[in-house]
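Please examine the sequence and the model shown here, with attention to open space and to aromatic rings.

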Amino acid sequence: FDSGSTIEWTPSPEKLASPAPGMKLKSGPEDYFGKKCQVVEMDGNFDNLQELVYIESALSNTKTKFYGELTQAMLALADAPGSNNGT
């Protein structure tokens with residue numbers, strides 16, 4: 001999302017399958033152990049983890065080497081506890 005801004009986003013259920021009440025994301029600046037950082041929070045579950053690419057398309061400055069790398073990394077851990085809900 002836009003670095004330095006505080007943003008709350010509820011993706012359209014037509015573009016992202018998630019059980020009710022849906023997915024909500026929040027991004028904003030915070031201090032982490034005395035250092036400024038940008039944090040992304042997620043509340044909800046993915047029905048289809050491959051749809052993370054839709055969320056990834058809205059993110060900026062993730063330090064990934066290519067578009068889709070974040071989604072690929074999460075798919076590699078698809079069987080891990082919390083992989084579909086951000087825990």
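The paragraphs below treat the pocket and then the aromatic pairs.

This is a predicted model, in which local features need pLDDT of at least 70 and side-chain atom pairs count only at pLDDT 80 or more, while totals for chains, interfaces and linings use all residues. Residues are numbered from 1 along each chain as its sequence is written, and side-chain values use heavy atoms, without hydrogens and water.

The largest pocket holds about 480 Å³ of space. On a 1 Å grid over the protein atoms alone, a pocket is an open set of points where a 1.4 Å probe fits, with protein on both sides within 12 Å along at least five of seven lines; lining residues have an atom within 4 Å of a point. Among the 21 lining residues, Val 39, Val 40, Leu 59, Thr 62 and Leu 70 are the closest to the centre. Strands E2 (24-32) and E3 (35-43) and helices H1 (52-56) and H2 (69-76) each give two or more residues; strands are DSSP runs (E, at least two residues), as are helices (H or I, at least four). E3 gives the largest share, 5 residues.

The structure also holds 2 aromatic pairs, meaning rings of Phe, Tyr or Trp (its six-membered ring) with centres within 6.5 Å; planes under 30 degrees apart are stacked, over 60 edge-to-face and the rest tilted. Trp 9 and Tyr 54 are tilted, at 5.6 Å centre to centre and 50° between the planes. This pair joins strand E1 (residues 7-9) to helix H1, 45 residues apart. Tyr 32 and Phe 33 are edge-to-face, at 4.7 Å and 85°.

Methods
Points joined across faces, edges and corners; volume = space filled by probe spheres on them.
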